[in-house]
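This report goes through a two-chain model, chain by chain and then residue by residue. Keep the structure open while reading.

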Amino acid sequence: MLKRIIDALKTIQAVQGVVPFVCGIFNNFLTQAIPITPLLRGLALLILIVFCTYAILLALSFSNDTPIDPTGNAKLRRRSCAAFICGLILLFGYFAFVAYANERRLQSPVLDQVVDVAQAVLFVLPWAFWSYACVLAGPREKRARTVSS
Amino acid sequence: MKRRLFACIVLTFAQAPLLGQNCPTKPAETPFQQVISSLNDRFEWYSAYAQEPDPRYGTDFERRVRNLGGGLLKYDWPLGGLYNLHLQPGYSDRACISYGRVNPERGPLFYGRMNDRTDTSVWKGEGEPPAKTVGLFTSNFMEKGDDPEVQIVLESTFDGHAYSYSLKNTGPTSVRVAWHHFEVDLFEQLTVSESLKVEVGRGGQIIQSVESPPERHSEDSLRELLKRAKTLERGQTTAARKESTASAQLIMTNVDVGSIEGRPLAGVVLPILVPGQ
């Protein structure tokens, strides 16, 4: 029974990647752990859906193409950690970027729009990286192809 | 011939002024107002109502947000029915509506890039429809330079029963104005036909992108367009009204302005409300 549950979990590896994705949506509309103006939430949601979907699919593809490593998929773990740290760095980058944009006191609506899009993308990138990291950190299906020791 | 785009757009989304739209000149009581100063923004919000209500349309309310800072202001005031992504320094967004009896409400105003908020009090009409169901756009565009100054105010409103449109030449000279949504001549559609036949499907795709132009005319086609365009004398207003209870949908329209001789002066893409599908 336990084995069947574990096997089932392995087949839904992508679910883990959906967790940060859903957190991003919650952050957008319910709470504001990472704040963003309500005027940019629609754009941010659109980018969030596209980026996180791409990140999850990319991670699944990479994960499935990587041979099973009997020692515990160290390569995937390293990549997962790197993606998680990248997400954190981008999160700090988001706050730094907004602070910088505020300091500049923009006068041009066109330039302001460019900054809006950049802000929305930076808002989304950490969630996308964390989705990627979660998928890689998850359980994997056993495959016939293995690394020879 | 250079065709300059607008120098300035003040775009206001506000609740519908029913037919007797008036901004109160003398508030009945001390108006609600506050100057907000934060690290990055400085602005004032204001809400007042007129002393003597119009027996036909109810009390006149005025709400506005003025940018007192040195940079563009982003704000969203759901209770006041106003928002702007890029309010220029020194400019105001203003909404004037007439609706029912006076009823004060409290709610937040969000501003800045990081969801800063301040609590506000707003004078509203009792039972006033929510901002999402009715709307007024007031868009001004002004062109200065060697060419004559152009000032056009386009208002599009929906009060739950009808859609109203008005285009007023507030500039110092008479101009020719072409107003299009893709290939549809809106002057013709809105003033001649009984029903509004604007194709909202294409416009509906760009609801979130209020500054995405639906089309661009070449210089030659623009000249031809302006030769056939409607002449708006100084101070003249052209208005149209269509009865419809269908929910409002936002579409983008081209307003091209030329001199009386047909020389292109300015052009802008402005949103209007039309009945949804």
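## Model and chain A

The model is predicted. Chain A has five helices and zero strands. Its order along the sequence reads α-α-α-α-α.

Chain A has 149 residues, and 33% of them count as buried.

## Where the chains meet

How many residues of chain A are in contact with chain B? The count is 18 residues of chain A, against 15 residues of chain B. On the chain A side, α3 (41-65), α4 and α5 each supply at least two of the touching residues. The largest share comes from α5(A), with four residues.

By residue class, the side of chain A that touches chain B holds nine nonpolar, six polar and three charged residues.

## Nonpolar cores

In soluble globular proteins, nonpolar side chains tend to be buried together. The largest nonpolar core here has 32 residues. Val124(A), Ala128(A), Phe129(A) and Tyr132(A) have the most contacts inside it. Helices α3, α4 and α5 of chain A each supply at least two residues of this core. Which helix gives the largest share of this core? That is α5(A), with 15 residues.

A second, separate core has 27 residues. Among them are Leu167(B), Trp179(B), Leu222(B) and Leu270(B).

Beyond its neighbours within four places in sequence, Phe129(A) is in contact with Ala55(A), Ala83(A), Cys86(A), Gly87(A) and Leu90(A).

## Strands β3, β4 and β5 of chain B

Strand β4 (residues 42-49) of chain B pairs with β3(B) and with β5(B). Six antiparallel bridges join β3 (residues 32-37) to β4(B). These two strands form a hairpin, with four residues between them. One of the bridge pairs is Ser37(B) with Arg42(B).

The pairing of β4(B) with β5 (residues 60-67) is also antiparallel and has seven bridges. Here Ser47(B) has Arg63(B) as its bridge partner. Why is β4(B) described as largely enclosed by the rest of the structure? Because six of its eight residues are buried.

## Strands β12 and β13 of chain B

Strand β12 (residues 150-158) of chain B is mostly covered, with seven of its nine residues buried. Its partner is β13 (residues 162-169). The two run antiparallel and are joined by seven bridges. Within this pairing, Thr157(B) is bridged to Ser164(B) in β13(B).

Most residues other than glycine have a negative phi. Arg105(A) is not a glycine, yet its phi is positive, near 50°. Arg105(A) lies in the loop between α4 (74-104) and α5 (109-137) of chain A. Is Arg105(A) buried or partly exposed? Arg105(A) counts as partly exposed, because it has 13 C-beta neighbours inside 10 Å, and a residue counts as exposed at 12 or fewer.

In chain B, Asn115(B) has a positive phi of about 65° although it is not a glycine. Asn115(B) sits in the loop between β9 (102-111) and β10 (116-125). With 18 other C-beta atoms within 10 Å, Asn115(B) is partly exposed.

Arg234(B) is exposed because it has 12 other C-beta atoms within 10 Å. Its contacts reach back along the sequence. Lys168(B) is 66 residues away in sequence, with a C-alpha to C-alpha distance of 8.6 Å to Arg234(B). Leaving aside its neighbours within four places in sequence, Arg234(B) is in contact with Asn169(B), Gly171(B), Pro172(B), Thr173(B) and Ser174(B).

Notes: Residues numbered from 1 in each chain as written. Chains lettered and ligands numbered in written order. Predicted model: local features only at pLDDT ≥ 70, side-chain atom pairs only at ≥ 80, totals over all residues. Buried ≥ 20, exposed ≤ 12 C-beta atoms within 10 Å, placed from the backbone. Contact = placed C-beta atoms within 7 Å. Nonpolar A, V, L, I, M, F, W, Y, C, P; charged D, E, K, R; others polar. Pairing = 2+ DSSP bridges. Core = buried A, V, L, I, M, F, W, Y, C linked by C-beta atoms within 7 Å.
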